[in-house]
Amino acid sequence: METEPAQPGIEMALVLPAVEVISVGAESPAEKLLVPDRALPREQNPFHGIIVQVAGRYEVDPSLIRAIIFAESGYNPRAKSKKGARGLMQLMPSTAKSLGVEDIYDPEENIDGGVRYFRSLLDRFDGNVQLALAAYNAGSRHVRNYDGIPPFKATRRYIKKVLKFHEKFKMQKSAGSRRLA
């Protein structure tokens, strides 16, 4: 049986919970975008299998890699920044080349190169995630020169954003694990 709209010419809308998506390079809360939760890809991550496999290979938390990708590119494999970083993990072409990434826009190659690079930063900074994130965003030399997180607003915002997404993704993962148990 078909149902008619409550009033002629007015259709019923399904209201979905919204999640906050911050556009690449967002500088202010006004640049944030609310997207219905179900409008995002499955598990908010269309590259789940690749991320889990590559993160396991390099012993990095997959939820952290998801957070980096979400903050860097919003899961857009064709993303390109104003400064020239490309792909899901926003690799600079010179970094990608040094990592042996042949197709910077290929999700599997980009994620593998990005996670390998992030793993090297974690190793360089004795497992300190915040310093590794700062180096991923601003460059290792700035972290070394400032003997810690550089005083750049963009880098500090980036670290907060990634850590916030990391917590959300960890919570989603644990909630999913509890549902399966």
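1. Let me start with Thr 155. Leaving aside neighbours within four places in sequence, Thr 155 is in contact (heavy atoms within 4.5 Å) with Ala 134, Asn 137, Ala 138 and Pro 150. Thr 155 is found in helix H7, residues 153-180; helices here are DSSP runs of H or I with at least four residues, strands are runs of E with at least two, and both are numbered from the N terminus. With a relative accessibility of 2%, Thr 155 counts as buried. For burial, the cut-offs are under 20% relative accessible area for buried, over 50% for exposed, and partly exposed in between, with a 1.4 Å probe and protein chains only.

2. A word on what we are looking at. This is a predicted model, in which local features need pLDDT of at least 70 and side-chain atom pairs count only at pLDDT 80 or more, while totals for chains, interfaces and linings use all residues. Residues are numbered from 1 along each chain as its sequence is written, and side-chain values use heavy atoms, with hydrogens and water left out.

3. Please keep the confidence in mind. The chain averages a pLDDT (the predictor's confidence in each residue, from 0 to 100) of 81, and 72% of the residues score at least 70. Over residues 1-43, however, the pLDDT is below 50, and this stretch has 51 contacts in the model beyond near neighbours in sequence. Where pLDDT is low, the predicted coordinates should not be read in detail.

4. Now the overall layout. The chain has 7 helices and 2 strands, and along the sequence they follow the pattern β-β-α-α-α-α-α-α-α. Of the 181 residues, 40% count as buried. Among contacts between residues at least 6 apart in sequence, 40% join residues at least 24 apart. The accessible surface comes to about 11,100 Å², and 54% of it belongs to carbon and sulfur atoms; the areas come from the Shrake-Rupley method with a 1.4 Å probe, and for residues only the protein chains shown count as cover.

5. Helix H2 deserves a look of its own. H2 covers residues 62-73, has 12 residues and reaches 16 Å from its first C-alpha to its last, close to the 16 Å expected at 1.5 Å a residue; the expected span is 1.5 Å times one less than the number of residues. H2 is mostly covered, with 11 of its 12 residues buried, including Leu 64, Arg 66, Phe 70 and Glu 72.

6. After the helix comes Gly 74, whose phi is positive, near 60 degrees.

7. Two residues other than glycine also have a positive phi. Gln 90 has a phi of about 50 degrees although it is not a glycine, and sits in the loop between H2 and helix H3 (93-98). Asp 147 has a positive phi near 50 degrees and is found in the loop between helix H6 (140-145) and H7. Which of the two is buried and which is exposed? Gln 90 is buried, with a relative accessible area of 8%, whereas Asp 147 is exposed at 73% relative accessibility.

8. A search of the whole structure finds 7 aromatic pairs: rings of Phe, Tyr and Trp (its six-membered ring) pair if their centres lie within 6.5 Å, with planes under 30 degrees apart counted as stacked, over 60 as edge-to-face and the rest as tilted. The rings of Tyr 117 and Tyr 136 have centres 5.6 Å apart and planes at 45 degrees, so this pair is tilted. Tyr 117 lies in helix H4 and Tyr 136 in helix H5 (residues 129-138), so the pair ties together parts that are 19 residues apart in sequence.

9. Tyr 136 has another partner. Phe 118 and Tyr 136 form an edge-to-face pair, 6.1 Å centre to centre with 75 degrees between the planes. Phe 118 is in helix H4 and Tyr 136 in helix H5, 18 residues apart. Phe 118 is buried at 0% relative accessibility, and Tyr 136 is buried at 10%. Elsewhere, ring pairs link Phe 70, Tyr 75, Phe 165 and Phe 169 into a cluster.

10. Glu 108 is partly exposed, with a relative accessible area of 45%. Glu 108 and Ile 51 are 57 residues apart in sequence, and their C-alpha atoms are 8.4 Å apart in space.
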